[in-house]
Amino acid sequence: MPIRTFTDAELHRVGSLKWTGITRKDGSPTIGAWVAEMDFGTAPSVAKAMTDCINDGLLGYQPSWLAPKLAEATASFQKRRFGWDLRPDQVRLVTSVLPALELTMTKLMRPGTPVIVPTPAYMPFLSMPTEAGHPVIEVPSLHGDTAGDKGWALDLEGIKTGLEAGAGLVILCNPWNPTGRVFDEAELRALGELVSQYDALVFSDEIHSPLVLDEVPFLSYARLDPRFAAHTVTATAASKGWNIAGLPSAQVILPDEALRERWDEQGQKLHFHASTIGTVGTIEAYENGVEWLDEVRDYIRLNVDALEAAIAHSPIDFVRPQGTYLSWWGFAGLGLNPSPAIALREQAGIAVNDGKTLGADYADWARINLACSHETIAEMIDRVLALVAGARLG
């Protein structure tokens with residue numbers, strides 16, 4: 001089925017946060033490449049399911065059938081898509097991933113213990129622990145030669161140091177926002193064997209798992225070993241893969257009975273705050289939206305191909321993302337002042353995420369969203385390369 005795309009003028013007219021939330025200082029518009037949304041609408045069947053909710057008057061609080069049906073759809077999707085054999089009773093409906101993380105920190109982990117965050121990291125992972133009373137231990141990840149042929153890799157020694165210092169939680173993001181890495185089994189097992197030696201939990205954010213782009217397998221961390229499942233809260237959602245993030249509905253997966261019982265003592269409030277319409281859309285996405293999802297993956301992959309070819313011989317530090325529609329660009333030493341993000345916004349007219357918000361060591365980096373039309377990608381590439389060339393000549 002064809003992917004619906006929109007012109008820049010249409011996207012600005014609709015007024016989404018992605019396209020109107022950041023402007024140049026003079027108020028002129030920018031290309032929206034910062035918020036983790038896609039420019040493709042959603043799957044037609046998902047749109048219809050949600051519209052039917054409105055037409056049928058299903059606009060109130062959650063009906064009693066909704067959470068069980070979502071659990072069945074989630075377990076079935078995980079089995080069909082990834083081979084993870086789950087029972088519906090191991091799935092919990094929650095509002096979204098971040099409230100699930102907050103509950104994990106405030107109710108499940110030891111009070112006041114540090115949270116290990118491998119960086120670069122999704123921005124709230126660095127701010128939320130402190131707000132919840134837990135110090136953050138940033139562990140800069142391996143990159144370049146130190147990461148072997150992976151481009152980016154977890155620094156297990158750094159994580160071990162944090163665990164030895166008493167950390168009570170490790171945040172894992174797989175696929176990895178913002179680098180796009182999809183962790184392989186050996187990496188996940190090495191992390192699991194390490195964490196299993198300490199009194200610590202893992203929060204595994206797998207929200208981008210439907211968006212694996214390259215031909216690599218996706219493996220959930222908790223799936224690999226019952227010992228890993230016993231210390232892991234896994235969070236996922238249809239919100240990124242089917243572009244319905246404004247209708248909060250996510251899932252927590254808890255195969256371990258003891259951990260599930262601990263969650264259930266506190267987690268009911270997250271259940272009731274999920275959007276009814278978003279949950280109906282999620283069920284439809286998991287049951288009937290895969291054809292559209294695969295078309296979107298193919299479309300984004302073409303954007304990644306075009307980008308990779310265009311900047312291959314530039315000085316930009318770039319590793320092809322294996323998953324997500326987010327990408328991580330390094331501009332160290334290229335003279336983009338006062339920062340790459342500001343230069344991209346003011347001089348190139350592209351709104352991106354400033355690297356320093358994703359980790360203390362990444363002021364020379366930027367996160368850039370690739371889930372846009374082929375025409376927009378081409379325009380962004382031209383503008384970035386012109387900016388870099390001008391800065392080097394200057």
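Before I start, residues are numbered from 1 along each chain as its sequence is written, and side-chain values use heavy atoms, with hydrogens and water left out. Since we are looking at a prediction, local features need a pLDDT of at least 70 and side-chain atom pairs count only at pLDDT 80 or more, whereas totals for chains, interfaces and linings use all residues.

Let me begin with the record. UniProt, in an unreviewed entry, places the feature "domain: Aminotransferase class I/classII large" at residues 37-384; positions from UniProt are given in the numbering used here, feature names are shortened, and annotations may be inferred rather than shown by experiment. When I say helix or strand, I mean DSSP runs numbered from the N terminus, with helices being H or I of at least four residues and strands being E of at least two.

Now to strand 3. Is this strand mostly covered or mostly open? Five of its five residues are buried, where buried means under 20% relative accessible area, exposed means over 50%, and partly exposed lies in between, using a 1.4 Å probe and protein chains only. Val-115, Val-117 and Thr-119 sit on one side of strand 3, with Ile-116 and Pro-118 on the other, and both faces are covered. Strand 3 runs parallel to strand 4, residues 136-140, and five bridges join them; Val-115, for instance, stands opposite Val-136 in strand 4. Two strands are said to pair if DSSP finds at least two bridges between them.

A cavity is a set of points, on a 1 Å grid over the protein atoms alone, where a 1.4 Å probe fits but cannot get out, and lining residues have an atom within 4 Å of a point. Among the lining residues are Val-117, Pro-118, Pro-120, Phe-125 and Trp-176. The elements giving two or more residues to this lining are strand 3 (115-119) and strand 7 (169-173), and strand 7 gives the most, with three residues. By class, the lining has 10 nonpolar, one polar and no charged residues; here Ala, Val, Leu, Ile, Met, Phe, Trp, Tyr, Cys and Pro count as nonpolar, Asp, Glu, Lys and Arg as charged, and the others, Gly among them, as polar.

Two bridges join strand 14 to strand 15, residues 365-369, and Asp-354 stands opposite Ala-366 in strand 15.

Next come the salt bridges, of which the structure holds 20; each is a side-chain nitrogen of Lys or Arg within 4 Å of a carboxyl oxygen of Asp or Glu. Lys-48 and Asp-52 form one at 2.8 Å, N to O, and because these residues are four apart in helix 3 (residues 44-55), they are separated by about one helical turn. Lys-48 is exposed at 52% relative accessible area, while Asp-52 is partly exposed at 27%. A second salt bridge joins Asp-305 and Arg-320 at 2.9 Å, N to O. Asp-305 lies in helix 13 (residues 290-311) and Arg-320 in the loop between strand 11 and strand 12 (326-330), so this pair ties together parts that are 15 residues apart in sequence. Both residues also belong to a network of salt bridges that links Asp-214, Asp-305, Glu-308 and Arg-320.

Finally, the backbone. Most residues other than glycine have a negative phi, and most peptide bonds are trans. Against that background, the bond joining Thr-119 and Pro-120 is cis, with omega about 5°, and the bond from Asn-337 to Pro-338 is cis too, with omega near 0°. Thr-324, in the loop between strand 11 and strand 12, has a positive phi near 70°, and Thr-324 is buried at 1% relative accessible area.

Conventions:
1 Å grid on protein atoms, 1.4 Å probe; cavity = no way out; pocket = protein on both sides within 12 Å on 5 of 7 lines; lining within 4 Å.
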